[in-house]
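Subject: Structure for you to look at

Dear colleague,

I am handing over a structure that I would like you to open alongside this message. Please look through it once by yourself, and then read on for what was found in it.

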Amino acid sequence: MTTSSVKLLGVWASPYVNRVEIALKIKSIESEFIQENMLNKSELLLKSNPVYKKIPVLFHDEKPICESLVILQHIDEAWPSGPSILPSDPYDRAIARFWASYIDEKWYPLIVDFTNAEGKEAKAAVQEKMSEGNLLLEEAFIKISKGKSFFGGDRIGYLDIVLGSLLGWVKAIEMMNETKILDEIKMPSLAEWDGRFCMDNVVKDIIPQPEKLVEVYRKYINRKKATSN
């Protein structure tokens, strides 16, 4: 699709940036990727997102839009001719936004807490909360997908992008902690969805391989230790 000016400021390893990349690909929108340095934030980032100073930032006709969930909704509304990202029904759209907030504010932070927890008891306590959250997501998928392949129905939609963008890091955390977060036995529907999502042509070249993300995380920890010494 021909666009006047679309640029994306971010880093390849960010799941929130990956969300925007997936949405742009679904809509067949050509864009320029601007690599950000999060250790030395650019003037462009600080000027474009002075409140949070975070990526991603989407520039549409030179106007900055911040926060990944907001950007997804903007893309869907600004380019209505492509496949829909959000559900068309107002109630379904509200439900999708509710679960997107849950994923970002409750579910994924628990996974980060699990990574940072020290000792078996601390990790076990967080893992119990994670299991509860996983069951909620399993039930939500069954209800929202209505027996189809994705949250969005027959193709990837808003909630698929929101949750699916985190899968690379989820699997990296699984590797580093020798555990299983998306358990095929406890959450079979989501585990099958995971496989379909990651193999979809829209997604498979965007979500980073977990091995590469493990490298990124270890480099980050080493830099953090070097700085604190």
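Between domain 1 and domain 2, about 1,600 Å² is buried, and 69% of that area lies on carbon and sulfur atoms. As background, the accessible area lost when parts come together is often used to give the size of an interface. Please keep in mind as you read that this is a predicted model. On the side of domain 1, the residues that lose the most area to domain 2 are Arg-19, Ile-22 and Lys-25, which together make up 34% of what that side buries.

Domain 1 covers residues 4-76 and domain 2 covers residues 88-215, and the contact takes 14 residues from domain 1 and 21 residues from domain 2. The centres of the two domains, taken over C-alpha atoms, are separated by 22 Å.

Which polar links cross this interface? There are seven residue pairs in polar contact across it, counting pairs with both residues at pLDDT 80 or more, and there is one salt bridge. Helix H1 (15-26) and helix H3 (68-78) each supply at least two residues of the side of domain 1 that touches domain 2, and H1 gives the most, with nine residues. Sorted by class, that side has nine nonpolar, two polar and three charged residues.

Turning to charged pairs, side chains of opposite charge can pair when their charged atoms come close. The count of salt bridges comes to five. One of them joins Asp-104 and Arg-19, with the closest N and O atoms 2.6 Å apart.

Another salt bridge joins Asp-76 and Lys-27, where the closest N and O atoms are 3.1 Å apart. Because Asp-76 lies in helix H3 and Lys-27 in the loop between H1 and strand E2 (32-35), this pair ties together parts that are 49 residues apart in sequence. Asp-76 is buried at a relative accessible area of 12%, and Lys-27 is buried as well, at 1%.

Lys-171 and Asp-194 also meet in a salt bridge, at 3.0 Å from N to O, and this pair links helix H7 (residues 167-177) with helix H8 (residues 188-199), the two residues being 23 residues apart. Here Lys-171 is partly exposed, with a relative accessible area of 25%, whereas Asp-194 counts as buried at 10%.

In the salt bridge between Lys-148 and Asp-154, the closest N and O atoms are 3.7 Å apart; Lys-148 is partly exposed at 43%, while Asp-154 is exposed at 60%.

With best wishes

Conventions: Residues numbered from 1 in each chain as written. Predicted model: local features only at pLDDT ≥ 70, side-chain atom pairs only at ≥ 80, totals over all residues. Heavy atoms only, no water. Domains from an automatic or database assignment. Contact = heavy atoms within 4.5 Å. Buried area = accessible area lost by both parts, 1.4 Å probe. Salt bridge = Lys/Arg side-chain N within 4 Å of Asp/Glu carboxyl O. Polar contact = N/O pair within 3.5 Å; in protein donor to acceptor, adjacent residues only side chain to side chain. Helix = DSSP H or I, 4+ residues; strand = E, 2+ residues; numbered from the N terminus. Nonpolar A, V, L, I, M, F, W, Y, C, P; charged D, E, K, R; others polar. Buried < 20%, exposed > 50% of the residue type's maximum accessible area, 1.4 Å probe, protein only.
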